[in-house]
Amino acid sequence: MTIVFCFPGACSRVTMTALEEIGAPYEDRVVNIRESAQKSADYLRVNPKGKVPALEIDGKVMTENAAILHFLHRRNPAAKLLPHDADPVLDNQGLIDLVWCSGTIHPIVRQIRMPVKWTSGDPAGVRADGLEKFARECAAIAGRIGEAWWYGDQWSIIDTYLYWAYSTARRGGFALEDYPALLDHAERVRARPAFQRVLARETAAVERYAIADVVL
């Protein structure tokens, strides 16, 4: 039994996409962060960190997106969530990129989308700093991706994580239109059947829980 504790449009969709790419059956259990359900006693018993995603497999819970995704990759190599190389140093690149997504890119996006979470004072400076940092990152990302994927001609879960990052930053006012390569990349990511199935689950959850103002 596999359960993903998630919220529509949150970074939990990256974990859900990985499971869809693998073809593994799972239940998506919504934690309504709009109503602070991630801080409820019931959810804190699942994930004391009070955030999504959390992945429960046969009663055992795993947290942190990068760790979850790397676990799913190692457990399901045929799904090619990350590249594989016979050289152990090169084989570690997928983990390096996951940690970069979660430890560098993700916090910058939070600066842009929810700057009030970073300060007790005026959040404008936090957001401005995030916009400046993310512009540099996106210039490098767009230059690398071009008309392909993060790893060239092979899709990976890094592509989905990056999509979540720049699309979320866009909702915070980041000018994604300045990066045509990322707009094209977004279309390719969203066109994948696994991603479409995640969108269907998230849309159903939005309707089921009457969650307002969610952009999918």
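**Entry 1: the strands**

I began with Phe-5, which stands opposite Ala-54 in β3. I am working on a predicted model, where local features need pLDDT of at least 70, side-chain atom pairs count only at pLDDT 80 or more, and totals for chains, interfaces and linings use all residues. Residues are numbered from 1 along each chain as its sequence is written, and side-chain values use heavy atoms, with hydrogens and water left out.

I noted how elements are named: helices (H or I, at least four residues) and strands (E, at least two) are DSSP runs, numbered from the N terminus. Two strands pair if DSSP finds at least two bridges between them.

I looked up the partners of β3. Strand β1 (residues 2-6) runs antiparallel to β3, with four bridges joining them. β4 also pairs with β3 in the antiparallel sense, over four bridges. Here Ala-54 stands opposite Thr-63.

Which way do the β3 residues point? Ala-54 and Glu-56 point one way, and Leu-55 and Ile-57 the other. I found all of them buried, meaning under 20% relative accessible area; exposed is over 50%, and partly exposed is in between (1.4 Å probe, protein chains only).

**Entry 2: the backbone**

I checked the peptide bond from Val-52 to Pro-53 and found it cis, with omega near 0°. Pro-53 sits in the loop between α2 (41-46) and β3 (54-57).

Next I followed β3 into β4 (60-63). The two form a hairpin with two residues between them. Asp-58, in the turn, has a positive phi of about 50°, although it is not a glycine. Is Asp-58 buried or exposed? Asp-58 counts as exposed because its relative accessibility is 58%.

I found another such case in Ala-210, not a glycine either, with a positive phi of about 50°. Ala-210 lies in the segment after α9 (193-209). Its relative accessibility is 66%, so Ala-210 counts as exposed.

**Entry 3: the cores**

I wrote down the term before counting. A nonpolar core is a set of buried Ala, Val, Leu, Ile, Met, Phe, Trp, Tyr and Cys residues joined through side-chain atoms within 4.5 Å.

The largest nonpolar core has 52 residues. Among the members that touch the most others are Leu-98, Phe-134, Trp-150 and Leu-182. Which helix gives the most to this core? Helix α7 (residues 157-171) does, with nine residues.

A second, separate core has 11 residues, including Phe-7, Val-30, Val-31 and Tyr-43.

I then returned to Trp-150. Contact means heavy atoms within 4.5 Å. Leaving aside neighbours within four places in sequence, Trp-150 is in contact with residues including Asp-97, Trp-100, Arg-144 and Leu-162.
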